[in-house]
Amino acid sequence: NATIANDSDKIRIAIVGFAGSAETHNELTVVEGNGAEQLERTVRRLGASGATNAGAGMRNARQILEEAN
């Protein structure tokens with residue numbers, strides 16, 4: 001990412017939880033510097049709860065990607 005000038009071209013990750021319902025924990029975040037640290041903190045805070053609702057998680061993830069374009 002360090003050699004890519006345009007932020008929209010850099011590697012970005014969003015984190016969506018989908019236990020019971022889908023919840024966005026992080027919007028698309030550039031994976032470098034503070035963004036990478038924020039993503040790591042989010043992953044460390046994730047925990048299992050409720051049922052697995054993969055369909056809702058995928059719909060949420062799709063919406064994030066569609067809004068990014």
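Reply: Happy to. Helices (H or I, at least four residues) and strands (E, at least two) are DSSP runs, numbered from the N terminus. This is a predicted model, in which local features need pLDDT of at least 70 and side-chain atom pairs count only at pLDDT 80 or more, while totals for chains, interfaces and linings use all residues. Residues are numbered from 1 along each chain as its sequence is written, and side-chain values use heavy atoms, with hydrogens and water left out.

Let's begin with helix α1, which covers residues 33-45. Its 13 residues reach 19 Å from the first C-alpha to the last, close to the 18 Å expected at 1.5 Å a residue; the expected span is 1.5 Å times one less than the number of residues. Gly35, Leu39 and Thr42 are the buried residues of α1, where buried means under 20% relative accessible area, exposed over 50%, and partly exposed in between (1.4 Å probe, protein chains only). Viewed down the axis of α1, these buried residues fall within an arc of 60 degrees, so they line one face of the helix; the arc is that of the directions from the helix axis to the C-beta atoms. The face turned away from the buried side carries the exposed Asn34, Arg44 and Arg45.

What do the buried residues of α1 pack against? They pack against β1 and β2, with contact meaning heavy atoms within 4.5 Å. Threonine 42 gives a detailed view from within α1. Its relative accessibility is 4%, so threonine 42 counts as buried. Not counting residues up to four places away in sequence, threonine 42 touches Ile15, His25 and Asn26.

Helix α2 (residues 54-68) comes next, with 15 residues that reach 21 Å from first C-alpha to last, close to the 21 Å expected at 1.5 Å a residue. Ala56, Gly57, Asn60 and Ile64 are its buried residues. They cover an arc of only 105 degrees around the axis, which puts them on the same side of α2. On the other side of α2, Met58, Arg59, Arg62 and Glu66 are exposed. The buried residues of α2 also pack against β1 and β2.

Now for the strands. Leucine 28 sits in β2 and, at 24% relative accessibility, counts as partly exposed. Leaving out residues up to four places away in sequence, leucine 28 touches Arg12, Ile13, Ala14, Ile64 and Ala68. Ile64, as noted, is one of the buried residues of α2.

Arginine 12 belongs to β1 and is partly exposed, at 33% relative accessibility. Setting aside neighbours within four places in sequence, arginine 12 is in contact with Asp7, Leu28, Thr29, Val30, Val31 and Ala68. The C-alpha atoms of arginine 12 and alanine 48 are separated by 24 Å, and the two residues are 36 apart along the chain.
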